[in-house]
Amino acid sequence: MDVKDIIKPENLVYKKSRLMSDNVFNFCPGCGHGVAVRTIAEVIEEMGIENDVIGISPVGCSVFLYDFYKFDVVEAAHGRACAVATGIKRVQPDKFVFTYQGDGDLAAIGTGETMHACNRGENIVIVFINNGIYGMTGGQMAPTTLEGMKTTTCPRGRDVKTMGYPLAITPLLAQLPGTYYVTRQSVQTPAAVRKTKKALRQAFENQKNKKGTSIVEIVSNCNSGWGMSPTAANKWMEENMFAKYPLGDMKVDGQLVINNVYEKK
Amino acid sequence: MEKRELRLMKGNEALAEAAIRAGADAYFGYPITPQTEVIEYLFETDCTARTGMAVLQAESEVSAINMVYGCAATGHRVLTSTSSPGFSLMAEGISYIAGAELPCLLINVSRGGPGLGTIQPSQADYFQTVKGCGHGDYKLLTLAPSSVQEMADFVALGFDLAFKYRNPVCILSDGSLGQMMEKVYLPEQRPRLTEYPDWATNGTPKGKERRFITSLNLLPQQHELVNIRLQEKYRRMEQEEVRYETIMCDDAEYVIVAFGIIARIAQKSVELLRAKGIKVGLFRPITLYPFPMNQITELAENPRIKGFTSVELNAGQMIEDIRLAVEGRKPVGFFGRLGGMVPTPEEIENAIIKQFDL
């Protein structure tokens with residue numbers, strides 16, 4: 001197939017969601033954020049709910065979400081996305097509200113807000129990007145940083161004796177009665193993206209059906225922060241991050257899927 | 001006035017009832033003495049059944065103020081209430097709300113600090129409220145009630161000013177006003193909002209441009225313009241929203257300046273001093289920001305006025321603004337009690353006599 005064939009309309013296999021703006025991503029090339037952000041847009045477009053969606057973009061690499069989406073977005077202070085989402089949802093229960101939070105936001109500074117929003121069963125979707133590092137501020141230790149993993153604030157590797165253990169927070173959230181759906185996915189391959197998209201769709205359908213809190217954790221890379229090429233970062237992620245944060249469902253339809261909650265031994 | 005319902009209520013309860021009647025859409029808060037009756041009253045009287053108003057006990061003041069931020073972003077009428085340590089926790093969120101230009105009502109039923117301090121009344125949060133408690137160049141439009149009636153009246157006023165300027169408005173009260181009972185004429189029930197401002201992020205209407213709320217600007221060239229626009233808004237508030245009350249100032253030679261609960265006590269001191277033939281008046285700032293600068297300057301320029309005394313429940317905070325207004329034209333003295341103590345009218349009377357050697 002030459003170029004003339006490829007550009008024929010009948011050969012079109014992918015196009016950008018109409019809910020994405022023309023602004024260029026500020027994410028580093030090779031980063032999983034871009035795929036996660038546009039997959040959310042695809043789900044919202046396919047459900048036809050873009051006039052009823054409000055996204056929350058808290059501090060971190062997530063903060064520029066409003067530059068990329070063509071629906072309503074509210075920026076939030078670091079860690080407070082779930083509280084902001086609660087404030088919106090409580091006066092507009094029929095709107096679709098989702099947060100897009102990094103690991104520092106959701107599992108460090110915003111642990112309290114996240115835990116309590118889930119415990120109340122706020123009828124929202126939480127998208128949680130876990131890349132084990134603080135990307136926006138230039139590669140510091142995150143609560144999810146793996147043992148021995150190097151960052152600028154653990155330059156000799158995370159020492160769990162003094163710096164604490166990597167925090168797998170979604171299994172904890174899955175224990176709460178308020179959460180209805182908790183899953184861990186990734187976006188480094190087309191197959192993984194399809195699974196993530198399915199999970200996101202499920203999460204938004206749950207919100208539509210007023211089921212409570214749905215959490216889609218996306219284990220992702222930070223090739224800049226990790227100091228690797230995109231390809232090497234994805235390989236490293238599959239070998240190391242997936243061992244600590246195995247992919248799969250933790251809670252479906254309000255029922256715990258026990259076997260997959262904790263790391264693989 | 002006579003048509004309005006008359007009740008005997010605590011200040012906190014009157015404020016909560018006024019919030020429902022002001023057509024508030026939501027309240028988010030966290031219990032802290034001496035303001036907890038606000039959220040208790042909302043639940044007890046079932047505000048949700050009455051008007052559909054949402055009420056939620058948050059897990060912290062940090063969370064509460066961010067719920068307020070989210071709700072305010074959708075153009076709804078939202079309020080929170082707290083007391084001094086809780087207000088400190090809210091500081092970050094208040095700065096974000098001011099930066100994103102969102103309307104909301106914040107109540108500080110203040111208590112004695114620093115630290116955990118005391119649950120007794122204090123005005124030691126004047127600086128915190130008026131000079132900005134969070135980061136950045138912003139201003140909090142601040143109303144200071146001095147009666148249970150004003151605790152009620154300032155709620156609807158506060159909401160209206162918040163929406164007029166797209167700015168957070170604070171009611172700076174204190175433990176005594178929150179806890180004491182007085183008769184209060186309650187306002188009529190007004191409806192909740194059914195239409196929301198164009199900027200509100202409550203889902204993009206079909207065929208309209210989407211909206212977004214942020215206080216972020218990475219480019220300093222842009223962010224300076226945002227700051228200039230904010231400052232212009234604050235200057236407008238200073239032009240249009242100054243509120244104050246004068247009592248027996250027309251022939252006064254000495255002026256007590258006091259706000260909130262201590263102005264009520266100082267009013268009695270004025271009577272006591274007048275009975276001794278000393279011509280004292282009371283100037284009560286109602287808006288602490290914008291402060292009635294020009295009005296105090298005018299008094300200072302009046303040759304009849306011999307001096308001012310700032311009377312506060314703190315170590316001397318508002319006195320700095322009074323001195324800025326007086327600009328050295330007349331002596332400005334201070335009398336205050338600290339740490340939750342409240343002076344008697346006689347203590348204030350004696351302080352005036354001593355200051356001016358009367």
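**Exercise 1.** How many salt bridges are counted between chain B and chain A?

*Solution.* The model is predicted. Step 1: a salt bridge needs a side-chain nitrogen of Lys or Arg within 4 Å of a carboxyl oxygen of Asp or Glu. Step 2: one pair to check is Asp72(A) and Arg211(B), whose side chains meet with N to O at 3.1 Å, a salt bridge. Step 3: between the two chains the count is three salt bridges.

**Exercise 2.** State how many residues of each chain are in contact, and what area is buried between chain B and chain A.

*Solution.* Step 1: on chain B, 33 residues are in contact with 33 residues of chain A. Step 2: about 2600 Å² is buried between the chains. Step 3: carbon and sulfur atoms give 56% of that area. Step 4: the interface also holds 17 residue pairs in polar contact, both residues at pLDDT 80 or more.

**Exercise 3.** Which element of chain B gives the most residues to the side that touches chain A?

*Solution.* Step 1: list the elements of chain B that each supply at least two residues to this side: β2 (26-29), β3 (54-57), α4 (61-73), α5 (84-99) and β9 (212-213). Step 2: α4(B) gives the most, with eight residues. Step 3: sorted by class, this side of chain B has 16 nonpolar, eleven polar and six charged residues.

Methods:
Residues numbered from 1 in each chain as written. Chains lettered and ligands numbered in written order. Predicted model: local features only at pLDDT ≥ 70, side-chain atom pairs only at ≥ 80, totals over all residues. Heavy atoms only, no water. Contact = heavy atoms within 4.5 Å. Buried area = accessible area lost by both parts, 1.4 Å probe. Polar contact = N/O pair within 3.5 Å; in protein donor to acceptor, adjacent residues only side chain to side chain. Helix = DSSP H or I, 4+ residues; strand = E, 2+ residues; numbered from the N terminus. Nonpolar A, V, L, I, M, F, W, Y, C, P; charged D, E, K, R; others polar.
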